[in-house]
Amino acid sequence: MSLKAAVSLGKRRRKYAQLGTDLDLAYLTPTLIAMGFPCPSLPKTLYRNSINQALKFPDSKHGPDHYFVFNLCSEPGWSYPSNSFHGNYVQYPFDDHQPPPFHLLLQILHHIHTWLQRDPRNIAAVHCKAEKGRTGVIRCAYLLLTRVFQDADAVLAGYTRLRMLEGWGDGLTVAGAGEMGKVF
């Protein structure tokens, strides 16, 4: 087992032999992707997604004009070069293991929703570092906002089912996420 596979053990992954990619990535809906951080260099690419693979995947599957990457990392060193993803990315930083301030949550959800509504071919990829905390909160809130799930309990169970392999624990690890979901 590779170091990268061991780090994301229990999560659903996408391998595309024809593209030469092995990514910590899962479709939650046809337009909403969960993925691990796309690292630009070693040593992080040994155990996280490579930015080159993370770019190759949406470029070939969706086209360079039809995806947008949302980076939620606030830690120094967890960003990527400004020309990454053809400029189709934004950083909305907030601290790990914490829900975002409510105004920031609404801003992120509005940006994702606006992007996805602009063209039916558009997809949104949301990530932080391991994408179970901050990223899970945003994606669960979006799934509630768009009524993919009807309540906080259903979205937490559904998100775990969509993101994790059976028996590998919860998909969302931020304390208080269920309470935040009840706002919607």
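Predicted model: local features only at pLDDT ≥ 70, side-chain atom pairs only at ≥ 80, totals over all residues.

User: Which way does strand 3 run relative to strand 4, parallel or antiparallel?

Analyst: Antiparallel, with four bridges joining strand 3 (residues 25-29) to strand 4. Y27 has I33 as its bridge partner in strand 4. The two strands form a hairpin, with two residues between them.

User: How many bridges join strand 4 to strand 9?

Analyst: Three, and these strands run parallel. Strand 9 covers residues 123-127. There, V126 is the bridge partner of A34.

**Helices**

User: Which residues of helix 2 are buried?

Analyst: An α-helix has 3.6 residues a turn, so residues three or four places apart point the same way. In helix 2, residues 51-61, the buried set is I51, Q53, A54, F57 and P58.

User: What caps the N-terminal end of helix 2?

Analyst: S50 does: one of its side-chain oxygens lies 3.1 Å from the backbone nitrogen of N52. After helix 2 comes G63, with a positive phi near 95 degrees.

User: At what angle do helix 3 and helix 4 cross?

Analyst: Two packed helices are described by the angle and the distance between their axes. Here helix 3 (residues 102-118) and helix 4 (residues 134-145) cross at roughly 60 degrees, their axes coming within 10 Å. The crossing is right-handed. Helix 3 contributes L105, I108, L109, I112, H113 and L116 to the contact; helix 4 contributes I138, A141, Y142 and L145. Nine of these contact residues are nonpolar, one is polar and none is charged.

Methods:
Residues numbered from 1 in each chain as written. Heavy atoms only, no water. Pairing = 2+ DSSP bridges. Buried < 20%, exposed > 50% of the residue type's maximum accessible area, 1.4 Å probe, protein only. Polar contact = N/O pair within 3.5 Å; in protein donor to acceptor, adjacent residues only side chain to side chain. Axes fitted to C-alpha atoms, helices over the stretch in contact; angles between N-to-C directions. Left-handed = near helix turned anticlockwise from the far one by under 90°. Contact = heavy atoms within 4.5 Å. Nonpolar A, V, L, I, M, F, W, Y, C, P; charged D, E, K, R; others polar.
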